[in-house]
Amino acid sequence: MGDFQFDSGDVLSITRRDGGLMAQLTGQSAIEIYPETEGVFFYRIVQAQLSFSRNERGDAAVLQPQRAW
């Protein structure tokens, strides 16, 4: 898991909890995210996705948030 900092300075922290993954943006509550495909996760309470790219070691290195309007 890890922390991903945006240009705005906000940090999105991804953690494991009770067998699932949680995403927590600076100043907000943690929200569970669910796998859609390998490297792509979605929220059930808002229409948004998180896409992760891996580095050469296989670690999640780049986060791309996507919001459906």
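User: How many bridges join strand E3 to strand E4, and in which direction do these strands run?

Analyst: Strands are DSSP runs of type E with at least two residues, numbered from the N terminus, and two strands pair if DSSP finds at least two bridges between them. Here 3 bridges join E3 (residues 20–25) to E4 (residues 31–37), and the two run antiparallel. Met22 has Glu32 in E4 as its bridge partner. The model is predicted: local features need pLDDT of at least 70, side-chain atom pairs count only at pLDDT 80 or more, and totals for chains, interfaces and linings use all residues. Residues are numbered from 1 along each chain as its sequence is written, and side-chain values use heavy atoms, with hydrogens and water left out.

User: Which residue takes a positive phi in the hairpin of E4 and E5?

Analyst: E4 and E5 run antiparallel and are joined by 4 bridges; Thr37 is partnered with Val40 in E5. With 2 residues between the strands, this hairpin has Gly39 at a positive phi near 90°. The hairpin of E3 and E4 has 5 residues between its strands, and there Gly27 takes a positive phi near 80°.

User: Where is Asp18 found, and is Asp18 buried or exposed?

Analyst: Relative accessible area under 20% means buried, over 50% exposed, and in between partly exposed (1.4 Å probe, protein chains only). Asp18 is in the loop between E2 and E3, and its relative accessibility of 80% makes it exposed. Its phi is near 50°, a positive value in a residue other than glycine.

User: Which residues make up the largest nonpolar core?

Analyst: In soluble globular proteins, nonpolar side chains tend to be buried together. A nonpolar core is a set of buried Ala, Val, Leu, Ile, Met, Phe, Trp, Tyr and Cys residues joined through side-chain atoms within 4.5 Å. The largest one here has 12 residues: Phe4, Leu12, Ile14, Leu21, Ala23, Ile33, Phe41, Tyr43, Ala48, Leu50, Phe52 and Leu63.

User: What kind of aromatic pair do Phe41 and Phe52 form?

Analyst: Rings of Phe, Tyr and Trp (its six-membered ring) pair if their centres lie within 6.5 Å; planes under 30 degrees apart are stacked, over 60 edge-to-face, and the rest tilted. The whole structure holds 3 aromatic pairs. Phe41 and Phe52 are edge-to-face, at 5.9 Å centre to centre with 80° between the planes. Phe41 lies in E5 (residues 40–43) and Phe52 in E6 (residues 48–54), so the pair ties together parts 11 residues apart in sequence. Ring pairs link Phe4, Phe41 and Phe52 into a cluster.
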